[in-house]
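Please open the model in your viewer and keep the selection panel at hand.

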Amino acid sequence: MTEETPGFEERPDVPPSSPPFGEEGPTSPAQGPGRQGPDEAAKANGSAEQAGPAGRAGDELQTVGLQAQLDQVRTALNERTADLQRLQAEYQNYRRRVERDRITVKEIAIANLLTELLPVLDDIGRAREHGELVGGFKSVAESLETIAAKMGLQQFGKEGEPFDPLVHEALMHSYAPDVTETTCVSILQPGYRIGERTIRPARVAVAEPQPGAQPKGGAAGGAEGDDRAPDEESGGPDEG
């Protein structure tokens, strides 16, 4: 029988470096400082699996947002392009309208100026008819007529041409046996036009065919018929 020394208790041999129960000790050589345990690796894989679908969804949302922004930019660009084309068309119409108005105003101004000069041109024409257009006055008159012609002034109206109420103004009227239609037999004042625009009609004397007059051929035929009639009438009594 073994005797126990009083004051001492027997305790099992426990390594002094062993950590208490529930506490982790130093990293074992099997794990190493750069390695994870099975639980930590599983957690990391789970986090990666959860982060994968979320990342793809975020990329898809970002792509949809960028596509929407691109569509908005394209719509705005199309609207601005249409506005620019409309403004350009309006500007071209404005330029054509201004150019047309400018030409019209110029023609009106020239017509007004030449209309004021028509009495002077009439005096020059009368002086030429009477042989009074001589010397320095002749040179001045010819220069004035040349300038008026360069500005587009044209004179019209001649004797013997048919009467046209659009360009002629009849001041005298008579009948003549040698005309077959209303004819200008005398030019009292020449007419003037600028291009197709008449600024003063020609003032003329007109003659119309004689009322009841017959063509020369018909008159001759009638005369011949008259010549034959007496013969027939005179021949009747002789036969009787």
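Predicted model: local features only at pLDDT ≥ 70, side-chain atom pairs only at ≥ 80, totals over all residues.

Helices, counted as DSSP runs of H or I with at least four residues, are numbered from the N terminus.

**The largest pocket**

Select helix H1, residues 38-129. H1 contributes 6 residues to the lining of the largest pocket, the most of any contributor. To centre the view, pick Leu121, Gly125, Gln155, Pro190 and Tyr192, which are the closest to the pocket centre among the 17 lining residues. Colouring the lining by class gives 8 nonpolar, 4 polar and 5 charged residues.

**A charge over a ring**

Next, select phenylalanine 156 and arginine 193. The arginine lies over the face of the phenylalanine ring, at 4.1 Å from the ring centre. Which count of aromatic pairs does the structure hold? The number is 0.

**The strands around E6**

Proceed to strand E6, residues 202-209, and display strand E2, residues 168-176, with it. These two strands run parallel and are joined by 8 bridges. Within this pairing, methionine 172 has alanine 205 of E6 as its bridge partner.

Finally, bring in strand E3, residues 183-189. E3 runs antiparallel to E6, and 5 bridges connect them. Zoom in on threonine 183 to find alanine 207 of E6 opposite.

How values were computed:
Residues numbered from 1 in each chain as written. Heavy atoms only, no water. Pairing = 2+ DSSP bridges. Phe/Tyr/Trp six-rings, centres within 6.5 Å; stacked < 30°, edge-to-face > 60°. Lys NZ or Arg CZ within 6 Å of the ring centre and 35° of its normal. 1 Å grid on protein atoms, 1.4 Å probe; cavity = no way out; pocket = protein on both sides within 12 Å on 5 of 7 lines; lining within 4 Å. Nonpolar A, V, L, I, M, F, W, Y, C, P; charged D, E, K, R; others polar.
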